[in-house]
Amino acid sequence: MTRIRCYWGWVAAAIAFRILLICFPKNLNLGSRPEVATPLTSLRRLAEGYWLKQASMSPYAGSMYHGSPLLLSILGPFTITSLMFVIVDFVTAMLIRATGQKLMLKCHQSLQFLNLSKLVEASGNVEAGNFASLVFLWNPLTIVTCVGSTTAPIDNLMAVLAIYGACSCLAPLAAFGWVIATHLSLYPAILIVPLILLLGHGPDAPPLKLFQQKNNSASGSSPSSHSHTKSTQTGIQIDYFSWRPVLHFLLWASIWSCYVLVLSSISLKGLGGLLEMFKKTHGFILTVVDLSPNIGVLWYFFAEVFDFFRNFFLIVFNMNILFMLLPLAIRLKHRPCFLAFVYLAISSMLKSYPSVGDSALYLGLLGLFANELAGMQFSFFLFCGYIGVSLLSPVMHNLWIWRGTGNANFYFATGIAYACLQTVLIVESVSTMLKYDRMLRKHITT
Amino acid sequence: MALEEEQKPKGGVARSRLIVRLGAFLVSHNVFVSVVCCIAGIIALLLLPVLAKNTYISENALMPGSANPAFSAQDVMEANRFVKDLIDRRTIEGTGIEIPRLIGQHMAGVGAEVYYHKFWPHKNQFHPLHFFSCAPNTVTMQSNSSCASVGVNSIGIIRAPRGDGKEAIVLVTPYNPWKIELSEALSLGLAFSIFSLLGQVSWLAKDIVWLAADSQFGEYTSVSAWLKDYHSPVFFSESGKMNVDMCYEYNSHQDWDRITVNWANANAFKRAGTMAAALVLKVLEKKERQERDSLTIYAEASNGQMPNLDLINIVHYLAVHRQGLRVKIATIGSLLNSVWLRSIGEIVQRLCRFAKSLDPRWKYDITSADYVEGSATLASSMYYQAIGVPTGSHGAFRDYQVDAVTLELSPWFSLKNENSQSAFLLRGGRLIEGVIRSVNNLLEKFHQSFFLYFLTAPNKFVSVGVYMIAFALLIAPLPIVAVAPFSGKNKIRLSTDKGNQRPGNTCTDEIEITIGSWKWLHAAKVVFMIHLWAVIVLLLPYFISQIPYISPTTSMLVWVAVAISALLIVYLILGSPYSSDCEWALLKSIMIAAAFIGLGLMSIINFSTAQIGALIVVPMCLMVRPLKRHKEVALCTRVMLMACNLVLAVMGSPPAALLILKGLSEGFGRVGIGDFWVWAEFLWIWNSATYLYLFLVHLPCWALYVHILLHP
């Protein structure tokens, strides 16, 4: 197993680097970049909402702010410095690390049970948790999101919290993370499928069929062996879908959502009720009202489309995400954490106001599967593509907005390239994961 | 069951997607593809003058030359009177105040709103984080500048009778009030006569702003200072502005009072809406005699930006077809007489004739002389774009998205001759009037025609769609060669799979491959560290320039010394630079990928820089190979490869390349080490993206090239 040398040193360096960058807010001016700050996550808009609320007006008046009223109360006084987000990033990284350790443990157990531990030794395993948290912390996109004064780190923290809670079978925690994440940015709502699978089945493991095969062969060859009977028991445990934590989760989720709604209505008391909140936050997300350019593809499309087709295409684009949920859930039901990663990547590709913060999240989670995805094709291509697109996007924006020699198509082209890259990443990672499972099966049968 | 599983992946490989198979085919023939693409790219570059199209006016609203010019001999007389006035004042003391005042008086005389804009000369300073911001980085010189070093622009605004005051056309005439020349006086006179004519016409729909720019600190400085104040309102809390006013009151109390008494608010900044276009007028007396009055157009702004082609088109159309001027744009003179270019021209001419004989619809007939001239013009156009420094004060306008050109008129006869001077003024005046009338017709911002183009003659251009082909062909081999090592591994895997079908072996093979597919990360680390080093080298001049009283040579030596020691430190951090887990082939492919991304980005920011850079970087990327690995090839090829590599290694390093080029053009005696420092300083004070390119793309590429050459 390859260990990462001086892990804590790297973590400390990442935090120090962020604090160093925070010292130059004027020079970097990341908060005004369309790639970093979206209408939903911009901290400047939050400051405006906070100001409106202080002046006892609805924070949604003036159509600047589109976030949660709870964020106003929590973040409102701290809009000047993004020091808080450094802490948020650190906590997220630690949660990813803990999740990775849980996953590793499970992976080792199941591989040992399948008598494939030699595979682990041969392939030079990395510690997934440490690796993923370092990938998350040192990802330039994460750093830019953290320094660029947006609320995206909090959204990411909540999504990771939900996954961590489900991995360690803490239904209240998972429910809390899920409810808050949904409340803040709506799209994490689709994480409910992997969360239920996680709570029911436990963390990622090879397909169930393998265990059954192994059980059959084990009972057929040497039923008397002590170790085998023991592992058969664990095998049966894996097989079993436990409904109890799932029901717990659902119960807690309803409690937390009631709680959040009550808190929101208290904080919006007399300033326009919950209905306006839903209209201005989730409604704003679903109807793609703001057509200012971002790295997604929807703004351009809805700027071009005729008004009488608008509703139809809104339905099409929003359903697009939902269509993919079921097939993926069926195919990847034995790997719920990976499923969560795929869902997050898909939603970040198809959401209405994407930012680099979303890719920061799923790229961080990608590190959790470093061992399984070691044989991924096009890794070099994807790496270069991400670097190229993230450099190209500001240049095209400059050409369009500041120099005036380019036009909207220039910037949209980088949006398309970015979407293509994400597609390739998702397709390749899913197919590599399936190939990995196939390889396991091959080793068992031969 | 097991057999089925075995066959599945193999079937998958055979039936892999078409695009992947095409890619694999290209990659497997990468040497052939790269040689063909590079040669094709260079040929396409040489053919650009042939592929140039005639310009045409694509905005219909412009309607150039549709009205008869109203500029008459009377206006010329007025101009002459004004010029005489100016020349008379030349001898009086304190012309620095007197001439702006005189201009202001004349402006007011034709019914314009007048004000004076005072500005401090700005000292350009290097700031690491301000590239690509709109205006160049200027820091006001606070200390040690006496009050005399304040520039005064006089600005007159004619409000359009048919306009709503939301749009304006700007006329700029740079002149030096302390030492006014006859040619400057003539340009002022010309501008004044046009201005007074426009004060009377009824068709004006856009306000006319005449900026008589004080060019004692350089033409660009005054115009950019005025534009900055025009676009960013300054309030009185800012101390710098107050200083200027106070200083002026103190220094020339009486003179200034007279002006302020005449016009109550002569110092209040007035505006006239967004600028549709700007014309910078200059008159220049040429040394050599010519048969006609001529007009030279300068258009290159900072970082290779060009004004909309329509603006150049109307100027060219009116100058040639209405006023009979000879229109020129800058060329590189030495290329006009070069033998090799002429021989290429001969070949091209023959090829064109041959092509025409094949199909008469191909209209590529170009004579050898035309080709040579077109190439020289193209080369100069490319050179000025690549440097990224504006060729005149029109560059300041481009930073605010205003299309602007400099029109440099030069008479065919001596300026002192009164008769020819009048005829010259009449032509010039009619030309400017026509251009302004055309722009006045414009309904929206210039947008119809091209922004991205090269000129090969005043009426011929190469658009972005054509010149990008040459560039794309040149850099197309880079991604193909970059992925070659990765596909090579796949090939090995296939052969081992076919070779031994035993399941045990495939298992270990696959594990090895799974590690192998991420092996490039080690090489990526080296490349990343080299790029980090390049960033440090890029930022060093900022700190070196803080040291007071340091000569360019010393600065350069300090720069090089610190850079090399930083490189050594980077190597120390990395451990052994040539550790066993870092194969040179992977290193090469990552270096190529980085260069490809860099060149691609640069081609969008400043195409010319990328094109010229690609001519050096692409061969470097494709040829690189450790010197010790040449043993397996034949002797003559080995010697040739080695020679090529060494030449590239020397020519590729930025300082050596600059010094050799300079030595070749000016003689090696006058070349010093400090020249590179001076040149780099020149680039960064103008915020040229070329500076960034040189240190973020070219330098790391060269460093990695040398690194790989020395690889054991």
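## A walk from the cavity to chain B

Start with the lining of the largest cavity: ten nonpolar residues, eleven polar and three charged (Ala, Val, Leu, Ile, Met, Phe, Trp, Tyr, Cys and Pro count as nonpolar, Asp, Glu, Lys and Arg as charged, and the others, Gly among them, as polar). This is a predicted model, where local features need pLDDT of at least 70 and side-chain atom pairs 80 or more, while totals for chains, interfaces and linings use all residues. Residues are numbered from 1 along each chain as its sequence is written, and chains are lettered from A.

Select A:Asp155, A:Asn156, A:Ser185, A:Lys351 and A:Asp358, which lie nearest the centre of that cavity among its 24 lining residues. Now colour α9 (152–167), α10 (171–185), α19 (336–350) and α20 (356–366) of chain A, the elements that each give two or more residues to the lining. Helices here are DSSP runs of H or I, at least four residues, and strands are E runs of at least two, numbered from the N terminus. The largest share, four residues, comes from α9(A).

Next, switch to chain B, which has 27 helices and 13 strands. Of its 712 residues, 49% are buried (under 20% relative accessible area, 1.4 Å probe, protein chains only).

Pick residues 31–52 of chain B: 91% helix, 0% strand, with end C-alpha atoms 31 Å apart. Then try residues 639–661 of chain B, where the chain is 96% helix and 0% strand and the end C-alpha atoms are 26 Å apart. Both spans are among those the unreviewed UniProt entry annotates as "transmembrane region"; such annotations may be inferred rather than shown by experiment.

Notes. Heavy atoms only, no water. Buried < 20%, exposed > 50% of the residue type's maximum accessible area, 1.4 Å probe, protein only. 1 Å grid on protein atoms, 1.4 Å probe; cavity = no way out; pocket = protein on both sides within 12 Å on 5 of 7 lines; lining within 4 Å.
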